[in-house]
Each structure stands twice: as structure tokens, then as C-alpha cells.
Amino acid sequence: MARRRAPAKQKKISGRAYFVLGLFIALCAMGFAYFHQGNDTQTADTKISSLDKPADDGKNADYTAAAEELQDGVITWLKSKDCTVETVQTENREETRHKTGGKIIWSTKSVVAKGADIFTKETLTEELGKSDGKATLYRTADTTIGGASVKEYDIALFDLLDTEQVYLIALKVFVPADAAFDTVVAALKKDGKNAVSEKDKGSRKKGGRHPSRVEGRLAVVIDDCGSDMDVLEAYNAVPVDLTYAVMPFKAHTIDSAESGYNAGRKIIVHLPMEPLNVPSSEEIFLSSDMGDSKITATTNELIDQVPYAVGINNHQGSKATADGRLMKDVMSVLKRRGLVFLDSRTSTESVGAQTAAAMGVPTTRNNLFLDNDPSVPAVKERLRQAAWIAKKNGSAVAIGHCRAGTMRALRDMAAEMIDDGIDFVFVTDLM
């Protein structure tokens, strides 16, 4: 009997040992996965925080290495969040470098990521913020690929090259619902850019006429875009370079930004800020009674409403722009996202432009409003005044509004002003 019990006892001990061994292996695997994930995150942070400078030979500026580093960093970061990522296309890109007659060179990689609920625009923006302004979430868009709804994230390198802002889309991340992942991958691999629906392609038109001899540069900014598409599309036909300041949370916010962008306009956010002694006209706006984190979150929320935006100007804001703390919080967001600031100068007490300059955010300020008197003759007279300032100082900024009368005055005056040596430019060209 004793001899028969001995194996049973041995079997019991072996089972316990196997359980302990299995538990040890599982813990080791979990530890390895945790270490590996942490290692991936650290690698992504390192790549994004130390992007290469362009190889500049005095004629050509080559950003290829920085683009590849940014691509690898973001993809590594996505994988550390347990996203499945598949590369579908890599394009070599180049544009003219106007100052030298050379080229700006980089690459754009397109990937599809599975895991729409794993990362957010906010966490991606936070990760890109580790680049110290060298990389930015340039835009997000809803599109259709292979019949599936897809969220697109365009990630750009940002640099000041020859005193001009350069945004180079280095990575496009397409995020469909998990069930549509294979469909979207197949569609993009088969047709590349042609897989994107016609609605989302857009075709940028060239800017307007320029004088043979420049006597002064004038940036005209059109505020309050986002509500009246008929007037905005009439502005699109005016043959000069214009900057559209698009209001967030309006019926045609996205339509206005896309229409203007496709017409070759620069897009900025007309960001609502607290006025002085009167209620704000907007439901969501920056106010001086907000805490720092609320100011930052609201600024990001408002900017995210407007695709293609390269910066902001203040809507109202006579109280907010005079608040140094609030403006510092706003500029910290713009700095992190690689955006610019136009001070609309709704108050002589504004500290917006000087705060932006002190924090390294490209900036300039408004010289005059064109249509406080909205009649066409009055707007024409203000355009002549803007031209005089531009000639006297070399440049000027004038702000009008998305109104039919202002559009007609500008349309009627454009050829005369160009013949008189006024070069219509984007507001970013004067920063």
C-alpha cells in the first residue's frame, strides 16, 4: 500500500511545481511585454524629440532624414499603444525653394492604423509636442476610402526656412473602424491617392496677380468666414492672395476652410476671445477667469474645428488680449502646434503680438479695419488708405469681413491697386 501511495504523492508535488512554473513564465511574459512597450515608447519619444535638421547646401534643403525619423517615431509610438500599423505608400516629394531657386525635398509616408479607440487626437498632439515645435498635427479630416469612413491625421515637419514658414506633410495616418482595416489597406495599396474620395482631394489653385514693380505689400484678412458660403465663394474668385479667418462652430466652418484652401487661400482660425464691457457673441470663447489648463484645452478645441489652419487671430478679445497670463497660455499652444498669431488689435491695450514675439511665435498686427462702415464707397476709401500705409511702411495688414459689400469693393479695386504697385500677399508673408 505504501508503495502505491508514493507515486500519488509525487504526482501532487509535480502538479504544484508546474503551476508555480507556469505562473512564473506568465509573469515573465507580462514583464517582458511591459518592458518592451515602455522601451517602444521611449524610442518613439527619442526619435520625435531629436529630429534632424535639413541638409542645406545653400541651394537645396533636404528634409528626408527628418521626415523618416518623424515617420518612424510616430509609427513606433502607435505600436506602443497596441495599434496595428501597415504602410501602404511612400512618396518622394519636392517643392521649389523660392529664395535660392533650388528645391525643398522630403518624403511622405501613408499608413493605415487599426485601433481607432486606442489613441486620440489629444494624445497624438501631446506626443508631437515633444518635438519642441519641429513636428505638428497639421490637420485632421474625415474622408472615405474604399467605401469606408476613415479619420485622416496629417503630420507635418515645421521649420522657418529663409524666414518663411515651411510645413511638410511627412506622415498620413488613416484610421478606419477595425472591421474596415483590410478594405482600406487594399484600396490604398491598389489605387494610392486615387482611393481617396473626390470630395476630399481638393485641387489648389494658384494665387492672384502681382505687380511688375512692388511699391508696398498688403495682406487682406477676411474675418467671420464660416456662415455665408455664397459670399465666401465670391471672394474665391477675386484674383489676389487673401487670408480667410474662419470662425469655429459655425454651420459652414469646415466647408469654408476647405473651399478657401482649394482656392489657394491661407486659412487661420478666427478664435473667439472675451470682449471688454459687453457679452461675447459666441458660446465658446477664451476668458480671463479661466484657469491655465482650461485656456489651453479651449484653445486646442477651437483650433481643431478649422482644417488647414496655419494660425489664429482674435475675434473680439479686447479684454482677453490685454491679459498677459491668458495670452501666454494661448501662445504656448501655438508654439507647440507650429501656428502663427495675427493680433487683430481690437484694443490698444493688447499684449498679443509682443507676447507672441517674446515666445517665438511668428506674429504681426492689424493696421486697420476696412469695413466699420460697410458701404462699398467707404470700403474702397479704406482700401486706398491701406495701400498708402503699405507704401509708406513697406507693408500693411487690413482686416475686412465676409460681407458682399466688402467683397465687391475689393474686387473692383484689385486691378487698380496692383497697377499702382500694391502686392497682395498672405498675412503669413508679413510675419
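**Helix contacts**

Author: V376, V379, K380, L383, R384 and A387 of α11 meet G405, T406, R408, A409, L410, D412, M413, E416 and M417 of α12, where contact means heavy atoms within 4.5 Å. This is a predicted model, in which local features need pLDDT of at least 70, side-chain atom pairs count only at pLDDT 80 or more, and totals for chains, interfaces and linings use all residues. Residues are numbered from 1 along each chain as its sequence is written, and side-chain values use heavy atoms, with hydrogens and water left out.

Reader: How many residues of each class does the contact of α11 with α12 have?
Author: Ala, Val, Leu, Ile, Met, Phe, Trp, Tyr, Cys and Pro count as nonpolar, Asp, Glu, Lys and Arg as charged, and the others, Gly among them, as polar. By these classes, the contact of α11 with α12 has eight nonpolar, two polar and five charged residues.

Reader: Why are α11 and α12 described as oblique to each other?
Author: Helix α11 (residues 376-393) and helix α12 (residues 404-419) have axes 9 Å apart and pack at an angle of about 45°; helices are DSSP runs of H or I with at least four residues, and strands are runs of E with at least two, numbered from the N terminus. Axes are lines fitted to C-alpha atoms, for helices over the stretch in contact, and angles run from 0 to 180 degrees between N-to-C directions. Angles under 35 degrees count as roughly parallel, over 145 as roughly antiparallel, 65 to 115 as roughly perpendicular and the rest as oblique. α11 and α12 are therefore oblique.

Reader: At what angle do the axes of α8 and α9 cross?
Author: Helix α8 covers residues 292-304 and helix α9 covers residues 324-337. Their axes come within 9 Å and cross at roughly 50°.

Reader: Which residues of α8 are buried, and what do they pack against?
Author: Buried means under 20% relative accessible area, exposed over 50% and partly exposed in between, with a 1.4 Å probe and protein chains only. In α8 the buried residues are I295, T298, T299, N300, L302 and I303. These buried residues of α8 pack against β10 (266-273), β11 (309-316) and α9.

Reader: What share of the residues of the protein counts as buried?
Author: The protein has twelve helices and 16 strands. Among its 431 residues, the share that counts as buried is 50%.
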